[in-house]
Amino acid sequence: MNLQKLIIDSISQSVIQIFATMLGVEIQPGEVTTENGSPEANDGVVSLIGVAGTWAGTGSITCSPILACRICSQLLMTESLAVDEEVLDAVAELTNMVVGNVKTDLETHLGPLGLSIPTVVFGRNFKTKSAGHAEWYVVKFPWDGEQLIVKMCLAPNDRTIEVKPHAAANQVPLSCTLDV
Amino acid sequence: MESDVLIVDDSAAIRKILQRVLRQTGMAIRTIHEAGDGLEALELLKGHTVHLVLTDINMPKMDGLQLLGAMKAASEWQAIPVVMITTEGGEAKVGEAVRLGAAGYVRKPFTADQIKEKLVGILEPALSL
């Protein structure tokens with residue numbers, strides 16, 4: 001199994017399908033890259049969801065405020081002119097659908113995985129870091145002069161706790177830590 | 001007869017989309033109630049007549065599977081059909097929902113037609129209860 005190809009293909013198909021079904025927009029993947037080490041500073045909206053299980057990691061969507069408003073307008077069929085709670089909620093739900101569909105595809109190969117509730121950040125010149133993961137798979141989707149960036153990192157979870165008798169609290173694998 | 005529907009999802013965006021989709025289906029719906037998690041849904045069920053529940057799975061406080069379990073364990077709510085509408089498509093979650101008594105399962109993303117197709121056969125028998 002080529003995990004990198006599996007994740008990139010799954011991200012591409014999920015985004016194409018979700019945009020067509022829920023936003024009524026045709027979108028195609030553009031540049032595909034990997035990122036290592038310290039992430040670049042962000043401006044705009046970043047939405048993050050943790051993935052946990054025998055493999056753990058993070059999925060994220062990054063976009064400009066303009067694109068976040070456009071996503072909200074298309075998804076809810078309203079006019080969104082500024083990033084507000086409704087826009088952040090729409091981006092969070094888009095992330096939930098994209099990462100959730102990728103997670104379901106990956107479960108065929110990696111076993112059951114869990115998803116966290118999305119966290120959305122909006123601001124300027126900030127960095128996001130997921131502890132313990134070095135490589136991110138990045139797929140960029142151009143859309144009318146803007147870019148939707150979908151990223152995912154995933155690695156075997158060496159922090160999964162062995163199930164011990166009389167240790168009920170330890171029967172759930174530790175979730176991935178998000179340092180935002 | 002018109003039906004009363006409860007939408008349970010922590011995303012206001014999805015609640016809004018489902019409201020719109022339900023209205024588009026042309027089904028006879030009187031009231032659409034909303035709740036942001038399972039606990040809110042149970043509180044709402046105590047004071048309102050509901051013929052159908054559409055619920056997400058991953059939610060804070062009380063998730064959709066816990067809500068489904070709580071409804072099926074309560075005599076006053078166990079006959080209300082519960083349809084899961086979620087990104088969770090893994091066999092484990094689907095199997096758990098079926099075991100707990102879910103009436104249906106729709107994966108996000110969804111179209112209005114998929115929702116209508118799933119609900120038509122569920123709502124009509126529910127209204128006769």
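This is a predicted model: local features need pLDDT of at least 70, side-chain atom pairs count only at pLDDT 80 or more; totals for chains, interfaces and linings use all residues.

User: Why is Glu88(B) called buried?

Analyst: The criterion for a buried residue is 20 or more other C-beta atoms within 10 Å of its own. Glu88(B) has 26 C-beta neighbours inside 10 Å and therefore counts as buried.

User: Where does Glu88(B) lie in chain B, and which residues is Glu88(B) in contact with, leaving aside its neighbours within four places in sequence?

Analyst: Glu88(B) belongs to the loop between β4 (82-86) and α4 (91-100) of chain B. With those sequence neighbours left aside, its contacts are Ile57(B), Asn58(B) and Lys93(B), together with Gly100(A) from chain A. As for Pro109(B), 21 residues away along the chain, its C-alpha atom is separated from that of Glu88(B) by 11 Å.

User: What makes the arrangement of α2(B) and α3(B) roughly parallel or roughly antiparallel?

Analyst: The axes of helix α2 (residues 38-47) and helix α3 (residues 64-73) of chain B cross at roughly 30 degrees and come within 9 Å. Angles under 35 degrees count as roughly parallel. The two helices, α2(B) and α3(B), are therefore roughly parallel to each other. On α2(B), the contact is made by Gly38(B), Ala41(B) and Leu42(B), and on α3(B) by Gly64(B), Gln66(B), Leu67(B) and Ala70(B). The residues of this contact divide into four nonpolar and three polar, with no charged.

User: How many residues does each chain bring to the contact between chain A and chain B, and which element gives the largest share on the side of chain B?

Analyst: Chain A supplies 21 residues and chain B 19. On the side of chain B, the largest share is six residues, from helix α1 (residues 12-24).

User: What is the secondary structure of chain A, and how much of chain A is buried?

Analyst: Chain A has three helices and nine strands, in the order α-β-β-β-α-α-β-β-β-β-β-β from the N terminus. Of its 180 residues, 41% are buried. Among contacts between residues at least 6 apart in sequence, 67% join residues at least 24 apart.

User: Which residues have the most contacts inside the largest nonpolar core?

Analyst: They are Ala68(A), Leu75(A), Val91(A) and Val98(A), in a core of 79 residues. Helix α3 (residues 85-110) of chain A provides the largest share of this core, 10 residues. Not counting residues up to four places away in sequence, Ala68(A) touches Val91(A), along with Gly44(A), Val45(A), Cys63(A), Val83(A) and Val87(A).

Key. Residues are numbered from 1 along each chain as its sequence is written. Chains are lettered from A and ligands numbered from 1 in the order in which they are written. Two residues are in contact if their C-beta atoms, placed from the backbone, lie within 7 Å. Helices (H or I, at least four residues) and strands (E, at least two) are DSSP runs, numbered from the N terminus. Axes are lines fitted to C-alpha atoms, for helices over the stretch in contact, and angles run from 0 to 180 degrees between N-to-C directions. Angles under 35 degrees count as roughly parallel, over 145 as roughly antiparallel, 65 to 115 as roughly perpendicular and the rest as oblique. Ala, Val, Leu, Ile, Met, Phe, Trp, Tyr, Cys and Pro count as nonpolar, Asp, Glu, Lys and Arg as charged, and the others, Gly among them, as polar. A residue is buried if 20 or more other C-beta atoms lie within 10 Å of its own, exposed if 12 or fewer, and partly exposed in between; C-beta atoms are placed from the backbone. A nonpolar core is a set of buried Ala, Val, Leu, Ile, Met, Phe, Trp, Tyr and Cys residues joined through C-beta atoms within 7 Å.
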